[in-house]
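Let's take a walk through this protein, one feature at a time. Keep the 3D view open as you read.

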Amino acid sequence: EIAGKNLKMYFDFDTQENEAIEVQLAVSPVSQANALDNLKQEVGNLSFNQIKEKAQQDWNKELSRIVIKGSDTEKTNFYTAMYHTFINPTIYMDANGEYKGLDQNVHKADGFTNYTTFSLWDTYRALHPYFNIVQPKRNNDMVKSMMAHYDQFSMKMLPIWSHYANENWCMSGYHSVSVVSDAIIKGNYSGDTKAALLACVATANKRDYEGIGEYIDKGFIPAEKNGTSVSNTLEYAYDDWAIAQLAKHLGETEIYNQFIKRSENWRNVYDKSVGFMRPKLANGTFKKDFDALETHGQGFIEGNSWNYSFFIPHNPKGLIEAMGGKKKFGEKLDELFSMHLPDKFFADTEDITREGIIGGYVHGNEPAHHVAYLYNFADQAWKTQQQVRHILEMQYKATPDGLGGNDDTGQMSAWYILGSLGFYPVAPGSEDYSIGSPAVDHAILNLENGKTFEIEAINQSPKNVYVEK
């Protein structure tokens, strides 16, 4: 045992020329004894090559959950994406089930595998809904891990961004409620569903977190109070809808009525005179000096009003009506995908380069990941099919720099997989999926319940992207 600052270690082995040695290393979040026990249980007498072979077998088993037919490029993209989606969230416990909790005490996962690395602002959109299809048991454990986080947390909140025995408070929204709701509604949670709903409600009513008090009282977050007032308002509104769906599913009418009303708060930051979501002041007037292309200082996080103004995944019909009907809405989507976004508007935005942008649509950041599917709600499904295939082609390439942005713990890759299969969960918390344009010739999903789900895209090709029937 050693302690100090700027520690260094040096090991000298009595080896012959070209002789290879094996070193075993064990870690634990709890104790040295647990680290040694992990080494004994997980490695034992296995050699490096035996462990490598077992890892390859484990990965092949997981990657075989979906078997596709397509071009070599398509297969490279698809299985690379699957690999990415299964890296996170990560298991966080020792071989004996112990882990250090959010309260810094030692806990034991009873009847579930404890997970961490919940980048929820990204992953609630497609990664967790994807898990509900291909790895529902694992997603069940993730929701139970979120509930353990809630139980151990002095603030009594579900995770915002859970990272080992810490809450990182990264990004906005309380999107764990979307993951919890989606899992329960789709029948993939074996825990106490009423307790899960109450945890969602408690999280959404934490008045001193990121403007929630103002949001509850006014129906929006004033621009003076919060630098991401508009995006927070929009994301809370969606999350509240997800809570309402869970309450409805469980027969909790009072909670449903409360949160379905809150889910319409997006209307309070929509400025009909300009056709965009816009920062609003505490006195009820919209903030002056508004620029729909600007990312910074306009009330949004990692996005501009052009992308966030379409972030009403739970009520596309209401948004279409607010924007003047299906024809005008379709034209606005057309403009988003065809405009030129000058470099200055994303020069200082994390993870985004020109390669991650199509027109003004920023695929490399997540807020608009559902937007291509909104054409379906405007009776222009062929444009959804066209844009989805365009995004698949432009933003995902079988090259070292093939992703159009940070993978964000699997969200970008989950979008690719679902897009390639031909359907997408526009609003997790609903049992509905929106049809896109499958880019694989054929796919078989080997489900955990022993059934298979088969997709056949007849005559699809890079030039034949439209769905006839």
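## Salt bridges

A salt bridge here means a side-chain nitrogen of Lys or Arg within 4 Å of a carboxyl oxygen of Asp or Glu. Keep in mind that this is a predicted model. Searching the whole structure turns up 14 salt bridges, and Glu-62, Arg-65 and Glu-448 are linked by them in a network.

Some pairs are worth a look on their own. Asp-182 pairs with Lys-186, with the closest N and O atoms 2.9 Å apart. Asp-182 counts as buried because its relative accessibility is 2%, and buried means under 20%.

Lys-194 forms a salt bridge with Glu-252, at 3.5 Å between the closest N and O atoms. This pair links distant parts of the chain: Lys-194 sits in helix H8 and Glu-252 in the loop between H10 and H11, 58 residues apart. Lys-194 is partly exposed, at 38% relative accessible area, and so is Glu-252, at 24%.

## The two sides of helix H11

Which residues of helix H11 are buried? They're Ile-255, Phe-259 and Arg-262. These residues lie on the same side of H11, because they cover an arc of only 50° around the axis. An α-helix has 3.6 residues a turn, so residues three or four places apart point the same way.

The buried residues of H11 pack against helices H8, H9 and H10. Over on the other side of H11, Thr-253, Glu-254 and Lys-261 are exposed.

## A nonpolar patch

Ile-2, Leu-7, Met-9, Phe-11, Phe-13, Ile-21 and Val-23 make up a nonpolar surface patch, with about 770 Å² of accessible area together. Ile-2 lies in the segment before helix H1 and counts as exposed, at 52% relative accessibility.

Terms used
Residues numbered from 1 in each chain as written. Predicted model: local features only at pLDDT ≥ 70, side-chain atom pairs only at ≥ 80, totals over all residues. Heavy atoms only, no water. Patch = residues over 30% accessible without salt bridge, like charges linked within 9 Å, V, L, I, M, F, W, Y side chains within 5 Å. Areas by Shrake-Rupley, 256 points an atom, 1.4 Å probe, with all protein chains shown as cover. Helix = DSSP H or I, 4+ residues; strand = E, 2+ residues; numbered from the N terminus. Buried < 20%, exposed > 50% of the residue type's maximum accessible area, 1.4 Å probe, protein only. Arc of directions from axis to C-beta. Contact = heavy atoms within 4.5 Å.
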